[in-house]
Amino acid sequence: MKDMRTPLSRVRGLGSAKTGTRDFWIQRLTAAANVPLALFLITSLVALTGADYATVRSYLGNPLVAIPMLLLVLSGTWHMRIGMQVILEDYIHKEGPKVVMLALNNFFSAVVAIAGVYAILKIGIQS
Amino acid sequence: MSLEAQLRPRPLSPHLTIYRRTMTMMMSIVHRLTGTALYFGMLLLTWWLIAAAEGQKSYRLFESWIGSAAGKFILLCYTWALIHHLLGGLRHFAWDIGQGFDLPTANLMARATLIGSVILTVLVRTIGIWVRGAL
């Protein structure tokens with residue numbers, strides 16, 4: 001064992017690693033990003049109301065649409081993953097089910113994120 | 001659970017149902033509910049993108065669903081949830097910088113979140129109908 005310090009001295013020496021508020025901070029950061037991105041989504045949905053397939057394709061194929069849409073998918077899924085984790089941690093008290101639900105939350109968010117990115121990139125590359 | 005905890009359960013704070021319902025409390029709950037709705041609503045956005053990417057046939061399936069009465073209603077609810085959660089988020093930004101903790105301001109912001117979200121949703125829907133001439 002290299003570390004000869006006592007546990008107390010180790011705690012005193014370490015102090016805060018300054019990473020304890022990582023999720024809190026990313027939740028705010030993605031929230032700030034989501035404000036303009038959500039407005040962009042609402043505008044897009046209104047603009048595309050009743051539009052035919054070709055119009056939707058050419059709209060989503062435009063880099064000025066595809067890039068914010070990618071940002072929305074990534075920032076949105078990251079934000080929702082953290083938000084759902086907080087809810088699960090608040091309301092599920094049993095350790096086993098909590099770990100399972102937290103894992104499912106991560107899997108769900110990852111699948112949704114990757115599926116969205118895949119679709120946007122596919123449209124972008126084909127157009 | 002330790003033996004002592006089993007013999008003598010620790011006192012718990014009273015749960016949600018015991019408190020008088022206040023505007024700020026309700027908006028806090030609704031913020032979580034809309035967040036959860038948007039969590040699953042993300043599937044709708046993903047379906048739309050995948051359908052558009054996969055071709056005309058899959059897009060027609062999405063279109064027929066979103067064009068149905070149920071689809072339109074869910075899209076309307078999604079729009080409201082998104083706007084409500086967005087406004088609720090702005091409220092949290094105010095609190096994050098240490099503003100708006102006094103009761104009159106907090107109540108005003110809570111009321112503005114609810115009323116604002118309904119007005120903006122109606123506005124978005126109206127513009128949608130007006131611009132595109134379609135429901």
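Predicted model: local features only at pLDDT ≥ 70, side-chain atom pairs only at ≥ 80, totals over all residues.
Biologist: How much space lies in the second largest pocket?

Modeller: Residues are numbered from 1 along each chain, chains are lettered from A and ligands numbered from 1 as written, and side-chain values use heavy atoms without hydrogens or water. A pocket is an open set of points on a 1 Å grid over the protein atoms alone, with protein on both sides within 12 Å along at least five of seven lines. Taken as the space filled by probe spheres set on points joined across faces, edges and corners, the volume of the second largest pocket is about 600 Å³.

Biologist: Which helix gives the most to the lining of the second largest pocket?

Modeller: The lining (residues with an atom within 4 Å of a point) has 29 residues, with A:L45, A:L48, A:T49, B:I66 and B:L75 nearest the centre. Chain A supplies at least two residues from α2, and chain B does so from each of α2, α3 (56-66), α4 and α5 (103-132); helices are DSSP runs of H or I, at least four residues, numbered from the N terminus. With six residues, the helix that gives the most is α4(B).

Biologist: How many nonpolar residues are in the lining of the second largest pocket?

Modeller: Ala, Val, Leu, Ile, Met, Phe, Trp, Tyr, Cys and Pro count as nonpolar, Asp, Glu, Lys and Arg as charged, and the others, Gly among them, as polar. In this lining six residues are polar and three are charged. The nonpolar residues number 20.

Biologist: Which helix gives the most to the lining of the largest pocket?

Modeller: The largest pocket holds about 1,100 Å³ of space. Its lining has 41 residues, and closest to the centre are A:Q27, A:H79, B:H31, B:G35 and B:H85. At least two lining residues each come from α2 (22-47) and α4 (63-91) of chain A and from α2 (23-54) and α4 (69-96) of chain B. The helix that gives the most, with twelve residues, is α2(B).

Biologist: What is the volume of the largest cavity?

Modeller: In a cavity, a 1.4 Å probe fits but cannot get out, and the count is one cavity of 30 Å³ or more. The lining is A:L60, A:A66, A:M69, A:I120, A:I123 and B:L49, with α4 and α5 (95-126) of chain A giving two or more residues each. Six lining residues are nonpolar, none polar and none charged. The volume is about 30 Å³.

Biologist: How do α4(A) and α5(A) lie to each other, antiparallel or parallel?

Modeller: Axes are lines fitted to C-alpha atoms over the stretch in contact, with angles from 0 to 180 degrees between N-to-C directions. The axes of α4(A) and α5(A) come within 10 Å and cross at roughly 175 degrees. Under 35 degrees counts as roughly parallel, over 145 as roughly antiparallel, 65 to 115 as roughly perpendicular and the rest as oblique. The two helices are therefore roughly antiparallel.

Biologist: How many charged residues are in the contact of α3(A) with α2(B)?

Modeller: The axes of α3(A) (residues 53-61) and α2(B) come within 10 Å and cross at roughly 105 degrees, so α3(A) is roughly perpendicular to α2(B). The contact (heavy atoms within 4.5 Å) joins A:Y53, A:V56, A:R57 and A:L60 to B:W48, B:L49, B:A51, B:A52 and B:A53. Eight of the contact residues are nonpolar and none is polar. The charged residues number one.
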